[in-house]
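Have a look at the sequence and the model below, and keep the viewer open while you read. We'll go through a few spots together, from the surface to the inside and back.

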Amino acid sequence: MTIHHTKESMGLLAQITKGFLARSEHVRASLGDRTSYIGMSDIGRGMECLRAAVADKFVKATNPDEVARWYAGEDKDRILATLQRELVFQRGHWFESGVGEILQSNGSKPIHQLEVAMVIDGMPVKAHLDFTLAWGGNTPAIRILEIKSTEHIPATLYSSYETQLYGQLGMVSAYWDQPCFSTKNHKNMSFPEIAFRELGVKLPDTSDGVDIQGWVLCLGMSDIKPFGPYRPDYLLWGICEKVGRRIWEGMHKYQSGLIRL
């Protein structure tokens with residue numbers, strides 16, 4: 001069904017689009033310069049298409065002020081296309097925020113957006129974990145929860161999502177005792193130090209014997225499905241590193257003019 005927009009309704013949608021883009025700038029700023037490191041979502045994208053993963057690193061964000069020019073020129077298609085794209089992009093952040101509130105409401109105290117940052121043979125790598133929960137005692141355990149917004153709940157999990165989660169699990173397990181974990185309030189600590197500072201949980205100095213699981217929670221507009229558990233797999237972590245290396249090399253070739261995208 002075709003929706004016919006009036007000048008007045010397009011004015012409202014233009015304002016919403018501008019607000020979306022302004023918020024998008026804030027979200028992207030929180031991730032830093034994405035061309036300066038390889039993220040786990042980049043590696044997940046690279047498992048599907050290396051060329052697209054490299055190109056995505058150099059996509060420039062649309063300036064919110066552009067919307068006024070589109071509206072003045074009655075460029076409805078560009079406004080609507082941008083609004084649709086931003087709805088998909090930002091819906092995931094809304095769901096993430098909502099799941100955080102739900103976890104806190106049932107008494108859980110997850111670490112939100114735990115960052116793991118390492119330089120591996122000259123390649124900067126970062127992972128941003130949506131939610132991390134930890135328990136100490138005789139059976140120490142941690143759970144990593146990745147939130148995904150999907151148009152339709154898949155029957156099986158997308159390979160890019162699985163790869164992203166395996167990368168997160170690999171980094172946490174491999175660099176457990178290294179000062180590469182950071183939150184908003186605590187910087188450059190080992191995982192046990194971060195867990196104690198953020199959650200008051202005492203964990204072993206090594207990841208040996210710790211029950212480490214990862215889950216992907218897919219949310220649609222009226223459905224929800226968890227996928228897991230996933231556990232650290234050093235073979236798959238090695239594959240993640242190799243894919244990240246190919247993306248990193250592709251980025252430098254593009255910046256040097258050796259390849260076109």
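## A walk through the model

Isoleucine 239 has a relative accessible area of 35%, so it counts as partly exposed. Keep in mind that this is a predicted model.

**Inside the fold**

Now go inside. The largest nonpolar core has 46 residues, and Ile142, Met171, Val172 and Phe191 touch the most other members. Take valine 172: setting aside residues up to four places away in sequence, it touches Val116, Leu129, Ile142, Ile144, Phe181 and Phe191. Apart from this core lies another one, of nine residues, including Met10, Phe20, Ile79 and Leu83.

**Helix α2 and a buried aspartate**

Helix α2 is worth a stop. Its buried residues include Met40, Asp42, Ile43, Gly44 and Gly46. What covers the buried residues of this helix? Among the covering elements are β1 (38–39), α3 (50–56), β3 (123–135), α6 (159–174) and α8.

Zoom in on aspartate 42, which has its place in α2 (residues 40–48). Is aspartate 42 buried or exposed? Its relative accessible area is 4%, and because the cut-off for buried is under 20%, aspartate 42 is buried. What does its side chain reach? At 2.8 Å there is the backbone nitrogen of glycine 39. The side chain of lysine 57 is joined to that of aspartate 42 by a polar contact of 2.6 Å. Leaving aside neighbours within four places in sequence, the contacts of aspartate 42 are Arg34, Tyr37, Ala53, Lys57 and Ile247. Two of these names come back in a network of salt bridges that links Arg34, Asp42 and Lys57.

**Salt bridges elsewhere**

How many salt bridges does a search of the whole structure find? The count is 11. Here are three pairs you can look up in the viewer.

| Salt bridge | N to O distance |
|---|---|
| glutamate 86 and arginine 85 | 3.5 Å |
| glutamate 151 and arginine 91 | 3.4 Å |
| arginine 143 and aspartate 211 | 2.9 Å |

Start with the pair of glutamate 86 and arginine 85. Glutamate 86 is buried, at 1% relative accessibility, whereas arginine 85 is partly exposed, at 41%.

Next, glutamate 151 and arginine 91 form a salt bridge. Glutamate 151 is in the loop between β4 (141–149) and α6, while arginine 91 is in helix α5 (residues 76–105), so this pair ties together parts that are 60 residues apart in sequence. Glutamate 151 counts as exposed at 55% relative accessibility, but arginine 91 is buried, with 15%.

Aspartate 211 counts as partly exposed, with 28% relative accessibility.

**Out on a loop**

Where would you look for lysine 202? This lysine is in the loop between α7 (191–199) and β6 (211–219). Lysine 202 counts as exposed, at 66% relative accessibility. Lysine 202 and tryptophan 135 are 67 residues apart in sequence, yet their C-alpha atoms are 7.9 Å apart in space. Not counting residues up to four places away in sequence, lysine 202 touches Gly136, Gly137 and Phe196.

Most residues other than glycine have a negative phi, and most peptide bonds are trans.

Glutamate 74 has a positive phi, near 55 degrees. Glutamate 74 lies in the loop between α4 (66–72) and α5, and counts as exposed at 57% relative accessibility.

Asparagine 188 has a positive phi as well, near 50 degrees. Its place is in the loop between β5 (181–182) and α7. Asparagine 188 counts as exposed, at 54% relative accessibility.

Which residues does a cis peptide bond join? They are glycine 228 and proline 229, with omega about 0 degrees. Proline 229 is found in strand β7, residues 224–230.

Terms used: Residues numbered from 1 in each chain as written. Predicted model: local features only at pLDDT ≥ 70, side-chain atom pairs only at ≥ 80, totals over all residues. Heavy atoms only, no water. Helix = DSSP H or I, 4+ residues; strand = E, 2+ residues; numbered from the N terminus. Buried < 20%, exposed > 50% of the residue type's maximum accessible area, 1.4 Å probe, protein only. Polar contact = N/O pair within 3.5 Å; in protein donor to acceptor, adjacent residues only side chain to side chain. Contact = heavy atoms within 4.5 Å. Core = buried A, V, L, I, M, F, W, Y, C linked by side-chain atoms within 4.5 Å. Salt bridge = Lys/Arg side-chain N within 4 Å of Asp/Glu carboxyl O.
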